[in-house]
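Please read it alongside the sequence and the model.

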Amino acid sequence: MQKPVTFLVVFFCFQLSLMAQTIASPSDFLGYEIGTQFSRNHQVIEYFKTIEKQVPNQLKLETYGKTNERRSLYLAYISSEENIKKLETIRENNLKNIGLLDGESSADDIAIVWLSYNVHGNEASSSEASMLTLFKLLTEKQEWLKNTVVIIDPSMNPDGRDRYINWYNETASQPYNIDRQASEHNEPWPGGRPNHYLFDLNRDWVWASQVETQQRLEVYNKWMPHVHVDFHEQGINEPYYFAPAAEPFHEVITDWQRDFQTEIGKNHAKYFDAKGWLFFTRERFDLFYPSYGDTYPTFMGAMGMTYEQGGHGMAGLGILNDEGHVLTLIERLTHHTTTGLSTVEIASKNAKKLNTEFAKFFDNSNLKYKSYVLKGNEDKLNSLKALLNKHSITFENATTSKVSGISYATGKQGSLNINSKALVVHANQPKGKMVKALFEPNAKLSDSLTYDITAWSLPYAYGLEAMASITKVPSETLLSKKALQALTDTYGYVSKWNSIEDAQFLAELLKYNFKVRFTEKPFTSNNKKFERGSLIITKGDNKHIKNFLETLNTIAQEQAQTLTEINSGFSQTTPDIGSPDIKLVNKQKVAVLSGEGTSSLSYGEVWHFFEQQLHYPITSINTADLGDINLDRYHVLILPNGNYRKVFTDDNMTKLKDWVRAGGKVIAIDGALRSFAGKDGFSLNYKTSKDSKDDEQKQNLTSYADREREYSNNLITGAIFKTKVDNTHPMAFGYDDHYFTLKLGSSAYSLLDSGYNVAYLDNIKVYSGFAGQNALKSLDQTLVFGEEPMGSGSFIYMVDNTLFRSFWENGKLFLVNSIFMVNNNAYEL
């Protein structure tokens, strides 16, 4: 009776041997042992293409987009021959199972596992591991593929990866040098971690500001995998981290998700223990902030996990760490391969349960808030709709005139009068838990020690009035957008000024050399009141524009901008159009500092904003060249967040002040303010609480084990505060008399003695997120945005970074106002 069994075992092993012979190993394909060199992105992709040709019945490769540097983005689908044949049916059944597609699911209990590699370009071991994982799945782990579809994104950030690897290959010694002081272990600015625009793609999943994220989300939401793993690297002295995650867990995460993370971790531990490899779990990496590669999938029902291998860009091909261990690329990719395969294994073993529990996640009937209702600026509402569309979250128009619930303006119970333009987002839709996570007024925080910001609520981020209702608000399908009317020939035209879309319209007009005015005071014309900041385009100013009316009409139509016609320069209420209070917008020439000293992320935010959102030219100046740069060629110089201690030498500071006195404008963001605070000639000063010394002494007396938690009392980890705003100041044109700001840290600056306190904190209250008690003590009566004139120019202070990760939409107009309307010097350079 043993012979048939023996025969089957031998036959199966023979088949695997044949399969291995027909599939090229990564080392055979690359021409070097995998891990002994870094593979460029094109080599990784070519390997996947080669394997697809060798086993097209088990591997399907598709491109889902391109990066800013024109590198293609790919996904590989790996499964059994039978599953690949019915891949589309499997996808549709999964969506039917959770209510995202109509029809009855004929589910085969197939587990869908998505493995994402190299979101940070200089965490480069993971793309190497993607090749080895693919090879082992197809040669050694065929049994798992019978009930599992594995989706591999081998290189999420190919621009960053090639930036790192090209630098490393140009720099590294042969053989590699394990001394961490060697140049090959110290990347130059900006490093390979971010993408082309220097954004951290691992924090962009919800905000989808980057083209890589936008294109990936289109596919992700068509598949909605049951398991998603994001492969990373951490410091060279850390071993390996895998699930289960640390507290805090967001409350939308289910007990099943928590428990199954533990089961996955135990499965990994089995393999690591057998090899004697070190690892840790349940520390540091929490599941709270929704825009990570582990949290976003988790809030979409998946088992979302981060795996962190020691190494990072510092490790190169090999480095000596603090424990005397030479950490190699071979070791790093081997660990990642092991956890990747272990993930597929446990998903295969639990495929039926994964499908069942995945479906349960999408039952949202027990969520406290049933509807979120938003009203306000139409442009801001449309921007929010665009974001929701990226995540396939549905929304409607209100069919009631009043709604009650928790008011975002007060944080208390209240009511709001609305009309049919109000936006309603219901929680009882398949992605209702993500709706809760994004819209809830104040997310429940089980632990103050978090890895990232603790507040992001979309009504605050978009500057909209909102209510969270415990009852479902009546609504219907959205109204169609009205067509814009063509302009007629008249004296002039006025455009509102209260959104970033208005700023884009201004930028487009300036691109075509239109002369545009703005008003510093409200005025009335043709029985319509126009607020501060309103743009005015007159026929008399623009005689130099050929086909003026036709060109203006085309731009307005393309920008979806409604213009109001005025038939005279004589206003019903002053100022008249020719008044000194109605100024010509200068076509500002803007520069931004980049390079050593600047935060690459903050610089990238400025760069991306100008090129991809405002569509206005900007010149990047390297900090190393500042001493030789002729600043007189620019009207505005932006200083991103950074540490400019080595940049602003005495000579450079004198040069900067002289340029400002002559009419230049400096816009300092976040940490850049430290270059001026407390310095001679500036009224900007730090503010500390009276209790700061006592708090410091208390910290010193705290036990070693409790010191980290005690120190959190001094932190603000991304919390939302309400500020008072002087909206008569040009920096605040288009805003109400209050503004909700996202404060990312505890740095506090006193109100300006000499200058304008445009937005400031008063009567401190935390509306959302965590802020330590000690940090709050020094915040009252502190600056958020301000202007300090100097000679003919100005220093503009932006304590809070309105471009942070490009998602705080309501703050961006402060920056645009600072460029075009504050201390406007209407002259050509």
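Helix α12 (residues 329-349) lies across β3, β4, β5, β6 and β9 and runs at about 165° to β5. Helices (H or I, at least four residues) and strands (E, at least two) are DSSP runs, numbered from the N terminus. The model is predicted, with local features requiring pLDDT of at least 70 and side-chain atom pairs pLDDT 80 or more, while totals for chains, interfaces and linings use all residues. Residues are numbered from 1 along each chain as its sequence is written, and side-chain values use heavy atoms, without hydrogens and water.

**Seven-stranded sheet**

- The open sheet has the strand order β1-β2-β4-β3-β5-β9-β6, with mixed pairing; two strands pair if DSSP finds at least two bridges between them.
- β1 (59-66) and β6 are the edge strands with a single partner strand each, so one side of each has no neighbour in the sheet.
- Helix α8 (residues 211-223) packs on this sheet, where it touches β1, β2 (72-78), β3, β4 and β5; contact means heavy atoms within 4.5 Å.
- The direction of α8 makes about 140° with that of β1; axes are lines fitted to C-alpha atoms, for helices over the stretch in contact, and angles run from 0 to 180 degrees between N-to-C directions.
- Six bridges link β3 (residues 111-117) and β4 (residues 148-153) in the parallel sense, and leucine 115 has isoleucine 152 in β4 as its bridge partner.

- All eight residues of β9 (residues 303-310) are buried, that is, under 20% relative accessible area, with exposed over 50% and partly exposed in between (1.4 Å probe, protein chains only).
- Met303, Met305, Tyr307 and Gln309 point one way from β9, and Gly304, Thr306, Glu308 and Gly310 point the other way.
- β5 (residues 227-234) runs parallel to β9 and is joined to β9 by eight bridges; glutamate 233 has glutamine 309 as its bridge partner.
- β6 (residues 240-241) pairs with β9 in the antiparallel sense over two bridges, with tyrosine 240 opposite glutamine 309.

**Five-stranded sheet**

- A five-stranded open sheet has the order β24-β19-β23-β20-β25 and antiparallel pairing.
- Its edge strands, β24 (564-566) and β25 (582-584), each pair on one side only.
- Neighbouring strands of this sheet are turned by 30° against each other on average, direction ignored.
- β20 (residues 517-519) and β25 pair in the antiparallel sense over three bridges, and threonine 519 stands opposite isoleucine 582.
- Helix α17 (residues 500-511) packs on this sheet, touching β19 (492-495) and β23 (535-538), and its direction makes about 30° with that of β23.

**Second largest pocket**

- The second largest pocket holds about 580 Å³ of space. On a 1 Å grid over the protein atoms alone, a pocket is an open set of points where a 1.4 Å probe fits, with protein on both sides within 12 Å along at least five of seven lines. Grid points are joined across faces, edges and corners, and the volume is the space filled by probe spheres set on the points.
- Its lining has 30 residues, of which Asn641, Asp670, Leu744, Phe804 and Arg805 lie nearest its centre; lining residues have an atom within 4 Å of a point.
- Helix α19 (residues 600-614) supplies the largest share of the lining, three residues.

**Serine 209**

- Serine 209 lies in the loop between α7 (158-171) and α8 and is buried, with a relative accessible area of 13%.
- Serine 209 touches Phe199, Asp204, Gln214, His608, Arg805 and Ser806, not counting residues up to four places away in sequence.
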